[in-house]
Amino acid sequence: MSERKNLWAPWRGDYVGTPQGEREPGCVFCLAREGAKDPKQLVVAQGERCFLIMNRFPYSTGHLMVVPNEHIAELEELDAGTWSEMLVLARAAKSALTALYGPDGFNMGLNLGSAAGAGIAQHLHLHLVPRWEGDVNFMPVLADVRVQPQHMQEVYADLTREIAAILK
């Protein structure tokens, strides 16, 4: 029998173990938008109608979401200007992620409704997930663990700087 090994990621302690009753009430996206200047909110860019935020529980390094400022759940509720800005921010995010990390591809999409996998179904958001050849290894399959090679605040700093330069 092989010796059991641990993968230590103490920075994840910030995101687990908070009892439901101690969490700030309200929509996590609306709260993040309101506190966007605080780096802990992980908002990397703001437009007039939308903002770009890092996923607090990323599938891979640089997993971002484009979120409308308006608290809406349905795609049909998006006006053309908001949809257009979502795509402009997604394009800037893709360019920044490509420049910084050189992924081999991207997954991009909307999970509309909890049955479709939306963790926050009440506030529509567009995911942009960078992917690398062979990035799905045994860890998520066997141990239900995702390994992130860089601290989130470092990724935040990199993305904030790169996206600001792209959107100028």
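Q: Where do Asp-158 and Arg-161 lie, and how many residues apart are they?
A: This is a predicted model. Both residues sit in helix H4, which covers residues 152-167. They are 3 residues apart, about one turn of the helix.

Q: What links Asp-158 and Arg-161?
A: A salt bridge. The closest N and O atoms are 3.4 Å apart.

Q: Is Asp-158 buried or exposed?
A: Asp-158 is buried, because its relative accessible area is 18% and the cut-off for buried is under 20%. Arg-161 is partly exposed at 49%.

Q: How many salt bridges does the structure hold?
A: It holds 2. One is Asp-158 with Arg-161. Another is Asp-79 with Arg-49, where the closest N and O atoms are 2.6 Å apart.

Q: What does the pair Asp-79 and Arg-49 tie together?
A: Parts that are 30 residues apart in sequence. Asp-79 is in the loop between E3 and H2, and Arg-49 is in the loop between strand E1 (43-46) and E2, so the pair ties those parts together.

Q: Why can side chains like that pair at all?
A: Side chains of opposite charge can pair when their charged atoms come close.

Q: What are the relative accessible areas of Asp-79 and Arg-49?
A: Asp-79 has 32%, partly exposed. Arg-49 has 37% and also counts as partly exposed.

Q: Let's zoom out. How many helices and strands are there?
A: The protein has 4 helices and 5 strands.

Q: In what order do the elements run?
A: From the N terminus on, α-β-β-β-α-β-β-α-α.

Q: What percentage of the residues count as buried?
A: Of the 168 residues, 35% count as buried.

Q: On to the surface. Which residues gather in the patch of negative charge?
A: Glu-70, Glu-74, Glu-76 and Glu-77.

Q: Where is Glu-74 found?
A: In the loop between strand E3 (64-68) and helix H2 (80-101). Glu-74 counts as partly exposed, at 42% relative accessibility. Asp-79, from the salt bridge with Arg-49, lies in the loop between E3 and H2 too.

Q: Which residues make the nonpolar surface patch?
A: Leu-75, Trp-83, Leu-87, Met-108 and Leu-112. The patch is about 410 Å².

Q: Where is Trp-83, in which helix?
A: Helix H2. Trp-83 is partly exposed, at 32% relative accessibility.

Q: Where is the place of Leu-42?
A: In the loop between helix H1 (28-34) and E1. Leu-42 counts as buried, at 0% relative accessibility.

Q: Now Asn-55. Where is that residue found?
A: Asn-55 is in the loop between strand E2 (50-54) and E3.

Q: Is Asn-55 buried or exposed?
A: Buried. The relative accessible area of Asn-55 is 10%.

Q: Which backbone nitrogen lies 2.7 Å from a polar atom of the Asn-55 side chain?
A: That of Phe-57.

Q: Which strand holds Gly-105?
A: Strand E4, residues 105-110. Gly-105 is partly exposed, with a relative accessible area of 23%.

Q: What separates the C-alpha atoms of Gly-105 and Arg-131?
A: A distance of 5.1 Å. The two residues are 26 residues apart along the chain.

Q: And Leu-126, where is that found?
A: In strand E5, residues 126-131. Leu-126 is buried, at 4% relative accessibility.

Q: How many residues apart along the chain are Leu-126 and Ala-90?
A: They are 36 residues apart. Their C-alpha atoms are separated by 8.2 Å.

Terms used. Residues are numbered from 1 along each chain as its sequence is written. This is a predicted model: local features need pLDDT of at least 70, side-chain atom pairs count only at pLDDT 80 or more; totals for chains, interfaces and linings use all residues. Side-chain values use heavy atoms; hydrogens and water are left out. Patches are made of residues with over 30% relative accessible area and no salt bridge: like charges are joined within 9 Å, nonpolar side chains (Val, Leu, Ile, Met, Phe, Trp, Tyr) within 5 Å. Accessible areas come from the Shrake-Rupley method with a 1.4 Å probe; for residues, only the protein chains shown count as cover. A salt bridge is a side-chain nitrogen of Lys or Arg within 4 Å of a carboxyl oxygen of Asp or Glu. Lys and Arg count as positive and Asp and Glu as negative; His and the chain ends are not counted. The place of a charge is taken as NZ of Lys, CZ of Arg, CG of Asp or CD of Glu. Helices (H or I, at least four residues) and strands (E, at least two) are DSSP runs, numbered from the N terminus. Buried means under 20% relative accessible area, exposed over 50%, partly exposed in between (1.4 Å probe, protein chains only). A polar contact is a pair of N or O atoms within 3.5 Å; within protein, one must be able to donate a hydrogen and the other to accept it, and residues adjacent in sequence count only if both atoms are side-chain atoms.
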